[in-house]
Amino acid sequence: MSRLTRKNRRGINQIMGSLFMLALVVPIGTVVLTKGLNEAGEISNRLASGITYQNEGGREDVVFENVSFDPAGNEIVISLRNVGTTDLTINKITMVKGDTQDLLINDKTLAINAQPKVGLDITIPANLQFSQRWDDSNYVGSEYKISILTSKGNYYETVARPFNT
């Protein structure tokens with residue numbers, strides 16, 4: 001009989017050892033599995049939002065309707081229309097004088113929102129070096145390249161002349 005008791009005890013010790021190991025492995029495995037699933041979900045969300053952001057950039061479109069030069073001052077009024085299907089934000093406007101390549105406007109601090117199918121006017125001063133007036137002979141006969149950059153990375157440009165000359 002003492003031999004049977006001994007065998008039963010060995011079996012119980014092995015079962016208890018297995019249960020003890022299982023009690024340690026299950027919580028650790030659950031933590032590792034949960035962490036892995038969360039990381040995979042975050043990566044999936046980042047990829048999905050990046051694709052959505054790029055797709056929205058393709059739905060942006062801007063038309064320059066008019067560019068008005070104030071003859072008695074240094075301001076211009078740029079009339080734009082968002083003809084795309086998504087909201088856009090204009091982050092940067094530049095204006096370069098065609099014949100001398102002078103940078104007259106370089107505003108990187110804009111945050112102008114434009115709703116779809118809605119026009120807007122942007123009034124912005126230019127850095128005119130000579131007389132601070134558009135009707136000066138240094139500025140009247142030139143062409144000006146006006147460019148805008150949106151928050152989604154789209155770039156639009158037009159060429160304008162003062163007073164339709």
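Biologist: Which side chain does Asn74 join in a polar contact, and at what distance?
Modeller: The side chains of Asn74 and Gln132 are joined by a polar contact of 3.2 Å. A polar contact is a pair of N or O atoms within 3.5 Å; within protein, one must be able to donate a hydrogen and the other to accept it, and residues adjacent in sequence count only if both atoms are side-chain atoms. This is a predicted model, in which local features need pLDDT of at least 70 and side-chain atom pairs count only at pLDDT 80 or more, while totals for chains, interfaces and linings use all residues. Residues are numbered from 1 along each chain as its sequence is written, and side-chain values use heavy atoms, with hydrogens and water left out.

Biologist: Where is Asn74, and what is it in contact with beyond its neighbours within four places in sequence?
Modeller: Asn74 sits in the loop between E1 and E2. Helices (H or I, at least four residues) and strands (E, at least two) are DSSP runs, numbered from the N terminus. Apart from neighbours within four places in sequence, Asn74 is in contact (heavy atoms within 4.5 Å) with Ile124, Pro125, Ala126, Leu128, Gln132 and Trp134.

Biologist: In what sense do E2 and E6 pair?
Modeller: Strand E2 (residues 75-82) pairs with E6 in the antiparallel sense over seven bridges; two strands pair if DSSP finds at least two bridges between them. Within E6, Pro125 is the bridge partner of Glu75.

Biologist: Which side chains of E6 are buried?
Modeller: Leu120, Ile122 and Ile124 point to one face of E6 (residues 119-125) and are buried. Buried means under 20% relative accessible area, exposed over 50%, and partly exposed in between (1.4 Å probe, protein chains only).

Biologist: Which residues touch the most other members of the largest nonpolar core?
Modeller: They are Ile76, Met95 and Trp134, in a core of 27 residues. Strands E1 (62-69), E2, E3 (88-97), E4 (103-107), E6, E7 (144-150) and E8 (155-160) each supply at least two residues of this core. A nonpolar core is a set of buried Ala, Val, Leu, Ile, Met, Phe, Trp, Tyr and Cys residues joined through side-chain atoms within 4.5 Å.

Biologist: On to the rings. How many aromatic pairs are there?
Modeller: The structure holds five. Rings of Phe, Tyr and Trp (its six-membered ring) pair if their centres lie within 6.5 Å; planes under 30 degrees apart count as stacked, over 60 as edge-to-face and the rest as tilted.

Biologist: Why is the Phe130 and Tyr139 pair tilted?
Modeller: The pair is tilted because the ring planes are at 50°, with the centres 6.0 Å apart. Phe130 is exposed, at 54% relative accessible area, whereas Tyr139 is buried, at 3%.

Biologist: And how are the rings of Trp134 and Tyr144 arranged?
Modeller: Trp134 and Tyr144 pair edge-to-face, at 5.2 Å centre to centre and 80° between the planes. This pair links distant parts of the chain, with Trp134 in the loop between E6 and helix H2 (137-140) and Tyr144 in strand E7, 10 residues apart. Trp134 is buried at 0% relative accessible area, and Tyr144 is buried at 0% too.

Biologist: Which residues do the ring pairs link into a cluster?
Modeller: Phe69, Phe130, Trp134, Tyr139 and Tyr144.

Biologist: Last topic: is Arg59 buried or partly exposed?
Modeller: Arg59 is partly exposed, at 41% relative accessibility. Arg59 lies in the loop between helix H1 (2-58) and E1, and its C-alpha is 5.7 Å from that of Thr85, 26 residues apart in sequence.
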